[in-house]
Each structure stands twice: as C-alpha cells, then as structure tokens.
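Welcome! Please take a moment with the sequence and the 3D view before reading on.

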Amino acid sequence: MAGITIRGLSKRFGADDGSLAAVADLDLDIKDNQFVTLLGPSGCGKTTTLRLIAGYITPDSGTIEVAGRRLSSPQAVVPPAERGMGMVFQNYAVWPHKTVFENVVFGLKLRKLASAAARQKVADMLALVNLGGLEQRYPAELSGGQQQRVALARSLVVEPGILLLDEPLSNLDAKLRERMRTELKQLQRRTGITFVYVTHDQAEALALSDQVAVISGGRLQQYGTPFGVYAHPANRMVADFMGLVNLVPGRIRDTRSGLASVELAPDLTVAIAGIDGLAVGEPVDVAIRPENISLAPAPDPETLAKVTLGKVTNHVFLGNLSEYEVALPSGPVLRVQTHPLQQFKLGEPVAITIDATQCSAFPRIR
Amino acid sequence: MGGAVAALVILVVLPLMSLLFGSVRGEQGLSLEHFAEVLTGRLYVTALKNSLMLGAWTGLFSTIIGLTLAWAVSRTDVPAKPLLQLTATLSYLSPPFLTAIAFTYLFSPNAGLINVLLRDVAGLPWLTFNIFSMPGLVLVTVMHTFPFVYLLAASALQSVDASYEEAAQILGAGKLRTAFAITAPLVAPAVLSGTLLGFVNAIALFGSQAIIGLPGRIVTLPTRIYALFDYPPEYGLASALSLVFVLITIVALYLQRAFLARRSYVTLAGKGARLALLRLGRWRFVLLGFGIVVFIVSILAPYATLIAVSFSKSWGLDFWKGLTLANYKFILFDYDVTRRAILNSLLLATLAASGAVLLGAVIGWIDLRTRIPGRRLLDYFALIPLGLPGIVMAVALIQFWLALPVALYGTLAILLLAYMGRYIPLGVRAANAALRQVDPSLEESAQILGASWLTTMREVTLPLIRPGLFAGWLLVFVPVIQELSASILLFSSSSITLAVAIYNLYETGYIEPVAALAMINMVIVSAAIWLATRIGGGRILGRGDAAHHAAPGTGT
C-alpha cells in the first residue's frame, strides 16, 4: 500500500508556443488507503494527471513519488509495466480475444505464478466481483457491467498498491452505475488499496471519496473532504461545479470578529465567516445553495419590518422536492429548494431566510 | 522505424527520383528536350488524346452504370439485389485484360464468334461489332471501372437518412424535387469521386489497351511508353511521358480526394441511417433487366467464353464438337514457360503480399502509436504509389536499378520490388484500419499489468489486428497474381509471370491455351479469397468487431 506525492507537476500538449497546458503546477498528496477523486469538467486535465501517475506520459516539469520512490520526473519515467499499479479504463479495455479467465490471469502469468495458485487467485477474485462461473465467456458475451467487473478483477488480482480508475462508470446506465458505485466503495474498504478515481460527475465524487481534488483548467482548485468541498468551496468555479448554486452580487458593509456582513439587497444582509482579505465596500458574489434558503408565507404587515420579502416567479415540481424561483424586490432572482409539501403560488409574496453559515463569498470578477 | 524508412526510400522515393532525373537528362547535361518532344510530337499527342478520351468515356459510362445499380440496390425495391451486388464485386475483381481477351473471341471483326454468327449464319452483317475500336476499348474498360462508382455511390446513398428527404417532403417538395434538391447534392461528391477513380484506373490499364487498342491502331499512354522500350530503348522520352502520365493521374486523384472530403456530411447520420425504399412497381423489372444485362456483359459472357475456349480444340462456330483437356495439359505440364510463370506468380504474390502488409503494419503502428517526428511524412510517402500507373512504376524501377551495379533487372527481385512498391498503400491502409479498431487502452492495460512491449504486441495487438492484416494480404495478393502493367517491362524469360505469359501467348496466337491459363488464374484468385475468408474471417472477425463496439472512446 502506498501514498502518492505530486509536486509541481506540469504537462503541455502540442509542440509549439500555441501548446495547451493540460496540467499546470499541480501539488497533491494522496494518502495511503484512501479513495481520492480527481473531479473536474471534461478537458480539465484530470485524465492527463491520472495518465501521468500511471507513467504513460512524461511530465514537462515536476515529480511523482510513491512511498518515497521517485517514479516520474522530466528526466526519467519508470515505465507503467514496472510501477505495480492497476488501471481501469473508461472503455474497460477488456481484451476481446481472450476469455474472462485469460483476461484476469494475464498479470499473474507475467508474474510467473504457478498455474494452480493462479487459478485459485483468479477464482477468488472473480467471486469477489460476482463473476464466478463466467470464466470461459468472451467479453462480447458479457454485459457492460460485467465487462467492467472483469476489468476490475484483472487490475486487482495482481494486488497493486494503487488502483487508477478513469471514469469507469460513465458508460453504464444510471441504475447499474449506482450499484457499481456501492460495490467500488466496498471493494476499496475491503482491499485497503489506494484508489485514484477520475470523474466529471460531482455526485459520484461526493458519494465515493475520502478526498476530492477539484481540477479546472489544469490547476488544482480545492482539495478536501466531500463535505468540505461542497459546503465551503474555495472559489466560484468550485462552488458552481459542485452543484446548483445562486451567485448573488453584494457588497461588504463591515467586518467584525471574522464575520463579514454582506448586503445582498437593501433589506437583506448575511453574515459570512472566513473571508480573509476582503475589505469593507468591496463588491463580492455570495454563493448560496438552493437548499440553504427557506421560504415561509408572508407574515402580517405589522411584523414586516424584520423579514425579507420576495415574489414567487416560477415553480418546478421535481418529485422529492420543489424548486422555486423567487425574485427579490431589488432585482436578483434566487433558486430555492423546498420540501414538496411546502407550496406557494406564482406571484405570491414569501418571506426569505438564508442560512448564512453555509454561504461563501468571493471577490466579484470584473 | 529506420527499416521502414529505408524500405520506402528504396521502393518508392529513389526510383521516382531517377525517373525525374532521367526525364531531364539530355545529350549534354540537363535539358527539357524530352518534354518538348512528348508534348509536341504527333505520336505522343495522339496517345495523350486517346488516353484522355478513353478516360472520359469510361468515366461517363462507369457513372451511368455504377450510379444506376447503386441507386437500385440502396434506394429501391428492385428484386435480386444480391445478384446486382455480386455483379459489381466480381467485375471489380476480374482482371480487365482477361475480359478484353474474352471479348476478342466474340467480337474480333473476322473470327469473333458472335460476328461470324451474325454475318454468316443470321445474314445480318450490319449488326456486327468491331471490338478493336474506341467503343470496344471503352466497353471492356467500363466493365472493370463501374464498380468504383457503384461502391462509393452505394455507401453514400445508404448513409442519407430518410429524415433528410422527409423533411423536404413535409415542406411540400415532391419526390422528384426531393431527389434533385436534397439527395443528389448529398451524394454527388461521392459519385464524382468514384468517376475520377474510374478515370484514373481506366487510363492506367496496359493489358486491355494493348489487346484491344493496338490491333485497332489506338495507341494510348501505356502502350506508347511500352513501345519506347523496343530496341533501342528511349529512356528519356519514356521518363518524360511517364511524368506527364503521372501528372494527369495526380490531378485526378487530387480532385477525387477533394470531392470525397466534402462527403463528410453524409456520414453524419452514421450506420444507423434509416432508408426509405422507393416502390417502383413494374419499373423495378426494367431496372433488374438492366442489371442482368450488365451481369451478362461483364461476367457471364467473358467467363463462359473463356471456359468454352479453354476446353475447345479449335475456337469457332462448331467448337463444341471437339472438346478437350489438351490446353490445360499443355500449359500445366508440357510448356515449361507457362508452368514457370504460374509458380513465379504464386511465389511473388505471396512474398509481395506478406511484405506489403508487414511494412504497412510497421508504418501504421509508427503513425498511430508513437510520437516520433516525421511519422506523418512516412504515411504520405507510403501513399505516393497510388498516383503511379503500373507501367510508370516499371519505367522508374528500370532506370534506378540499371544505374546501380546490382544486376536486378530481369530477376524476380525487381518484380517483387515493383509489386511491393505498387501495393504498399493497400498494406498501409489495411494495417491502419485494423490498428484504429484497437483502442490504445487495450495495449496500455497490458503494460500496466507489467507486460513488455514484445509481450503486449504478441498477446494483445497482433491477435486483434490479424483479421485486418489477412484482409490486407488478400487485397495485395489478388492484384499481384494478375499484375501486367509493370510486369510487362520488367520480366525476363526466367522471371516471367502469369499475366505476362497470358499476354505473350495471346500475342503469338495460341488462342485456346490462353483461355486455359486465364482459368488457372481465376482458380488461384478464387482459392486465395476462399482461404483468406476461412482463416482470417469467422470467429476472430466477429470478436474483433465486438472489441470495436466495446471501446467507444477515450477519456478526457
């Protein structure tokens, strides 16, 4: 078992000055026995990072070390064959001309394992991934999910310290994807292997990972626990990528004991924690998740002073929840998610409450 | 890498350069006198005109026949579609010089069987047809070239989704209007590209132009170049004329590529295109009749004739009275030249096919799997021979190897070089297509499990591309067995090949043994196709397909 240390890793594609940085100056520490996800939109550099870890690509600068041993640097790259890692590809890459057994036993043969022992290990591994009895089938005779499990078994049977997975679930249908997600998580816990998992699906990343590395434009945007990344995004990009979010323009009124009062509308101010380096008067965008806004029927006119009123402008019923668009008198429109039993009419005035502890503020981009 | 480059340089680049050099080498130093001669001399200008005329008429009729059949098969409810498809495939495979020979048995002005029937038996002399004429040459050539239009047009027509046409119809366009406003522009690039391919192939065929053209005093570029090698050989003129020939070919191929590139929007709909078949009613039998006529003229008549002649003692009206196996005995056992020719061709075709596919696999692998600078260039060089007619290849090789101290001229080796050079594009294409089907991740997953490059090749890559390589091997083997255009200038009595032997026998008037030898040629070709589908096809092919479907794309 092994941890991975990445320092200053960069890789550009294309020969000339017009080349594109796929990975730029990446630092990442992946601890032993962890399930780490590299998450980002397509083209963000996450697959390149994974292929750099696997040794298929030589970095332009920076190093990759595993358990203190330097595997990649611009000068020397230990070839994939000598890294003792496993990799599961997006298209499974199960060899179509070999049976399930031949696919899985391949790595053991290369390691010169006695055939009886190899046979036993393959059988055990296939049982682990629920493929017992399918040894003599060809991949073309298997479903997508089964092929996926052959790929997993093939990688795991050689007991790698690190397993790299490149969007392994993206070609499966929604139901199967959810089941395989659970199986993967359990497999990782049972084997204790370090999983490095690439995906563009934030829900998948949240569900699976111990740590999520959000990558965009080749750069690491944030590295933390799923909850941390979701609830306290480091920047606008992360906030936006991790799920539905309202980005509401506001201005800092004052800062006191680590809290900043941000005025979103003349009668709507939120106190947000942890905004270092933002000065009073500075324009900011406040990220508010739809589930952290609650709505209530507008109270009597006498008590109006204390509440912020908005007007329902749109309603979408989604089954397990309801989504409303609520316009503030000053202009901005908020997306709000409520329990489906909480119902409001179009045009109805509603009282808005925002849970400021779950909001973040970022400097406005000009 | 180095080996592949060296092979390409020797096979293609150096011979071409000596062709260029030979064309500008005058009595004293460099001169353009040869070009001046071939562009103004009456003999050469006539040959050029004849070639262009042949190409133009062939292109036109290829388009008419190919497009009609393609449309019938792809978009109508014409019956017996397999027969029409078979007609196109067989016409494509059968060597045009055999068709030409067969037609001379039927339509040579005096002795042709049908001409004799019409003139002496039916008393209809005005219905006789002289095959030794431009119409005769065009007829024989079209029977080989219409499949180019057919194949490209059929694939284009099949990829025009019915929704395109339905969209026009719902806006109020009638069927005819739709056909002209929507369907025709969509498939036109593919059809034109097929026409140009037909043109290029038509003008390059030495065999039919010599067999039909020379008796009719229709000299074309290949036959004129051939004549320049009568003693004393005129290397300078032959080189200059060859380059003019290459220029025409390259311009046509360039246009063809440009047209084909515009086709891309047709394939957008992909394989799943839904086709609306036009119900033709009684007209479908007219269309079927047309197809049957093409089948009779291009396949049935020539081959029935060749079979009949090969078994007759003396070809004529009452040939059936003297059936015999003597012709086969003669060419297989008694006459050592034909026996040697058959063995030579088998050996050369096997070696050339293996060599071209192997070299193709190396070049394809370098192009697709490495980042070695210059790999694209390698790929382009390997495509150059597409623009070289066979006889031009021969002229280039002769000059190159005569200039070297190695005595290669007149040996099997120079023929092997000519064949490999000519057909390397087919090898590269087959290997390229096969390798494209193998997703790199299949190789990468072997590597990360600890497999070396060699193990990866042996265990993963080669088994997966084997069906494609077999197909490529066949694609080279078949034309090499019946190659005439380059062989005719390169053979010697010891290195004579099958096609040359057929041509020589024909020239010397051995009518009946020629047919027997032609049949041997067809048996070899059929056996090769049968063998290759048996070994290379079947299960492996099915699984290779599955691999393609299971590997839809790469990651981000």
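Here is a short briefing, grouped by topic.

This is a predicted model, in which local features need pLDDT of at least 70 and side-chain atom pairs count only at pLDDT 80 or more, while totals for chains, interfaces and linings use all residues. Residues are numbered from 1 along each chain as its sequence is written, and chains are lettered from A and ligands numbered from 1 in the order in which they are written.

**Confidence**

- The predictor gives the complex an ipTM of 0.75 and a pTM of 0.77.
- In chain B, pLDDT stays under 50 over residues 267–271, a stretch with 3 contacts beyond four places in sequence; two residues are in contact if their C-beta atoms, placed from the backbone, lie within 7 Å.
- Residues 538–556 of chain B also have a pLDDT below 50, and the model gives this stretch 44 contacts beyond near neighbours in sequence.
- Where pLDDT is low, the predicted coordinates should not be read in detail.

**Chain B as a whole**

- Chain B has 25 helices and 0 strands; helices (H or I, at least four residues) and strands (E, at least two) are DSSP runs, numbered from the N terminus.
- The C-alpha atoms of chain B fill a box of roughly 75 × 70 × 50 Å along the principal axes.
- Of the 556 residues of chain B, 49% count as buried: a residue is buried if 20 or more other C-beta atoms lie within 10 Å of its own, exposed if 12 or fewer, and partly exposed in between, with C-beta atoms placed from the backbone.

**A core and a buried valine**

- The largest nonpolar core holds 263 residues, of which V286(A), A153(B) and L397(B) touch the most other members; such a core is a set of buried Ala, Val, Leu, Ile, Met, Phe, Trp, Tyr and Cys residues joined through C-beta atoms within 7 Å.
- Helix α7 (residues 134–158) of chain B gives the most to this core, with 15 residues.
- Beyond four places in sequence, the contacts of A153(B) include G66(B), A70(B) and V187(B).
- V500(B) sits in helix α23 (residues 498–507) of chain B, and it counts as buried because it has 24 C-beta neighbours inside 10 Å.
- Among the contacts of V500(B) beyond four places in sequence are A341(B), L484(B) and F491(B).

**A covered strand in chain A**

- In strand β7 (residues 162–166) of chain A, 5 of 5 residues are buried.
- I162(A), L164(A) and D166(A) lie on one side of β7(A), with L163(A) and L165(A) on the other.
- β7(A) pairs in the parallel sense with β6(A) over 4 bridges and with strand β8 (residues 194–199) of chain A over 5 bridges; two strands pair if DSSP finds at least two bridges between them.
- M85(A) has I162(A) as its bridge partner in β7(A), and L164(A) stands opposite V196(A) in β8(A).

**Where the chains meet**

- The contact takes 34 residues from chain A and 25 residues from chain B.
- On the chain A side, α1 (46–54), β6 (85–88) and α2 (100–110) each supply at least two residues.

Definitions and conventions: pLDDT is the predictor's confidence in each residue, from 0 to 100.
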